[in-house]
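Let's walk through this model together, one side chain at a time. Have the sequence and the 3D view ready.

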Amino acid sequence: LIVTVTTFLKRRMNKTAWLWLHRLAYVAFALIFFHAVLSGTDFSDPLVSAITWAVAAMLLLLATARAIWGRLPV
């Protein structure tokens with residue numbers, strides 16, 4: 001939610017501050033993901049589990065692609 005709000009405020013924010021906030025979103029997702037896997041009761045639901053694993057896999061795939069090939073041309 002914070003990253004979504006700051007996306008609208010990106011032009012008004014310092015670039016360095018926005019980049020750190022954006023990167024912290026990945027850390028926050030990882031922490032929430034591990035919390036859900038290790039202690040979440042809703043994770044036993046197959047639909048919730050499938051969505052969570054799919055999002056984690058997609059983020060990992062995109063992060064790997066970006067690390068290998070860099071940013072896409074604009």
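F33 counts as buried, with 10% relative accessibility; buried means under 20% relative accessible area, exposed over 50% and partly exposed in between, using a 1.4 Å probe and protein chains only. This is a predicted model, in which local features need pLDDT of at least 70 and side-chain atom pairs count only at pLDDT 80 or more, while totals for chains, interfaces and linings use all residues. Residues are numbered from 1 along each chain as its sequence is written, and side-chain values use heavy atoms, leaving out hydrogens and water.

Now look at the partners of F33. With W53 it forms an edge-to-face aromatic pair, 5.0 Å centre to centre and 85° between the planes. (Rings of Phe, Tyr and Trp, the last by its six-membered ring, pair if their centres lie within 6.5 Å; planes under 30 degrees apart count as stacked, over 60 as edge-to-face and the rest as tilted.) Because F33 lies in helix α2 (residues 15–39) and W53 in helix α3 (residues 46–69), the pair ties together parts that are 20 residues apart in sequence. Helices here are DSSP runs of H or I, at least four residues, numbered from the N terminus. W53 itself is partly exposed, at 45% relative accessible area.

F33 also pairs edge-to-face with F34, at 5.6 Å centre to centre and 70° between the planes. Ring pairs join F29, F33, F34 and W53 into a cluster.

Elsewhere, the charged end of R23 sits over the ring of W20, 5.8 Å from its centre; this requires NZ of Lys or CZ of Arg within 6 Å of the ring centre and within 35 degrees of the ring normal.

Methods. Helices (H or I, at least four residues) and strands (E, at least two) are DSSP runs, numbered from the N terminus.
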